[in-house]
Amino acid sequence: MCQCGVDNNVPFYMSLDMIPESDIDDDDDDEALAELTRRYFKSRGPATLHDFIWWSGLLTADARTGLEAVKSELNQETIKGRTYWYSEEENLLTLNEDSGANLPVVHLLPTYDEYLFSYRDRSASLDLKMRKYLQGHYRSTISLDGQIVGTWRRTFKKSRVLMEYHRFITLNRDEKHALDEAGLLYKRFMNKK
């Protein structure tokens with residue numbers, strides 16, 4: 001048995017024999033390793049080899065083997081002595097380049113979101129000064145233009161959801177508006193006012 005999801009806060013399970021067969025041959029560990037590596041860097045790049053090791057739990061030698069198998073499919077960039085790997089297809093660096101106006105982008109991230117936990121080194125998204133606010137207490141976070149700038153929480157009250165924000169920095173008018181919009185999107189998603 002394995003947990004396959006949650007519906008209305010109730011987990012549901014399925015038997016392992018109900019899981020579809022993989023296209024990867026059981027005897028081909030290298031192919032499986034390459035596919036795991038490919039999926040990590042395509043979905044989470046730019047990221048370093050050490051980020052991949054952190055996320056996957058693989059031995060360093062295995063992670064290097066996986067990267068070697070797929071590095072011809074990836075681009076690399078060296079910044080401050082660290083090599084970052086990413087896919088041109090899924091390059092997070094260029095997703096917002098064509099968005100027009102320079103409006104702030106806010107995301108309300110859940111606790112333990114992969115945006116932070118997919119990387120061993122979180123300095124690209126969490127400034128050292130901001131780390132003191134989290135200090136080992138992982139909470140739902142506010143991302144502003146890719147930087148963690150606060151935490152948030154929700155409280156359900158009948159047909160409403162109350163949003164509370166703890167900002168680490170002072171937001172300007174456009175940033176506050178973007179945060180309010182993100183809160184409204186969350187309420188709509190939860191089908192609450």
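Student: Which hand does the crossing of H2 and H3 have?

Tutor: In this predicted model, the crossing of H2 and H3 is right-handed.

Student: How is the packing of two helices described in general?

Tutor: Two packed helices are described by the angle between their axes and by the distance between those axes. In the present case, helix H2, residues 49-56, packs with helix H3, residues 60-70, at an angle of about 120 degrees, and the axes are 10 Å apart. That angle makes H2 oblique to H3, since the roughly perpendicular class covers 65 to 115 degrees.

Student: Which residues of H2 and H3 make the contact?

Tutor: From H2, Leu-49, Phe-52 and Ile-53 take part, and they meet Thr-60, Ala-63, Arg-64 and Leu-67 of H3. Divided by class, the contact of H2 with H3 has five nonpolar residues, one polar residue and one charged residue.

Student: At what angle do H1 and H2 pack, and how far apart are their axes?

Tutor: The angle between H1 and H2 is about 115 degrees, with the axes 11 Å apart. H1 and H2 are therefore roughly perpendicular to each other. The crossing in which H1 passes H2 is right-handed. On the H1 side, Leu-36, Thr-37, Tyr-40, Phe-41 and Arg-44 meet Leu-49, Asp-51, Phe-52, Trp-55 and Ser-56 in H2. The residues of this contact divide into six nonpolar, two polar and two charged.

Student: Which residues of H2 are buried, and against what do they pack?

Tutor: The term "buried" applies to a residue with under 20% relative accessible area. In H2, Leu-49, Asp-51, Phe-52 and Ile-53 are buried. The buried residues of H2 pack against helix H1, residues 29-44, and against H3.

Student: What should be read from the backbone on either side of H2?

Tutor: Two backbone angles deserve attention here, omega before the helix and phi after the helix. In the loop between H1 and H2 one finds Pro-46, and the peptide bond from Gly-45 to Pro-46 is cis, with omega near 5 degrees. After H2 comes Gly-57, whose phi is positive, near 75 degrees.

Student: Which residues other than glycine have a positive phi?

Tutor: Asp-145 is one of them, with phi near 50 degrees. This residue lies in the loop between strand S6, residues 141-144, and strand S7, residues 147-157. Asn-191, which is not a glycine, has a positive phi of about 60 degrees. Asn-191 is found in the segment after helix H6, residues 173-189, and is exposed, with a relative accessible area of 69%.

Student: Is Thr-65 buried, partly exposed or exposed, and where does Thr-65 lie?

Tutor: Thr-65 lies in helix H3. Because its relative accessibility is 40%, Thr-65 counts as partly exposed. A polar atom of the Thr-65 side chain lies 2.9 Å from the backbone oxygen of Ala-61. Sequence separation and spatial separation may also be read together for this residue: Thr-65 and Ala-34 are 31 residues apart in sequence, and their C-alpha atoms are 8.0 Å apart in space.

Student: How many helices and strands does the protein chain have, and in what order do the elements run?

Tutor: The secondary structure comes to six helices and eight strands. Read from the N terminus, the order is β-β-α-α-α-β-β-β-α-α-β-β-β-α.

Student: What percentage of the residues is buried, and what percentage of contacts joins residues at least 24 apart?

Tutor: Of the 193 residues in the protein chain, buried residues make up 30%. For the contacts, one considers residues at least 6 apart in sequence; among these contacts, 50% join residues at least 24 apart.

Methods: Residues are numbered from 1 along each chain as its sequence is written. This is a predicted model: local features need pLDDT of at least 70, side-chain atom pairs count only at pLDDT 80 or more; totals for chains, interfaces and linings use all residues. Side-chain values use heavy atoms; hydrogens and water are left out. Axes are lines fitted to C-alpha atoms, for helices over the stretch in contact, and angles run from 0 to 180 degrees between N-to-C directions. Helices (H or I, at least four residues) and strands (E, at least two) are DSSP runs, numbered from the N terminus. Angles under 35 degrees count as roughly parallel, over 145 as roughly antiparallel, 65 to 115 as roughly perpendicular and the rest as oblique. A crossing is left-handed if the near helix is turned anticlockwise from the far one by less than a right angle, and right-handed if clockwise. Contact means heavy atoms within 4.5 Å. Ala, Val, Leu, Ile, Met, Phe, Trp, Tyr, Cys and Pro count as nonpolar, Asp, Glu, Lys and Arg as charged, and the others, Gly among them, as polar. Buried means under 20% relative accessible area, exposed over 50%, partly exposed in between (1.4 Å probe, protein chains only). A polar contact is a pair of N or O atoms within 3.5 Å; within protein, one must be able to donate a hydrogen and the other to accept it, and residues adjacent in sequence count only if both atoms are side-chain atoms.
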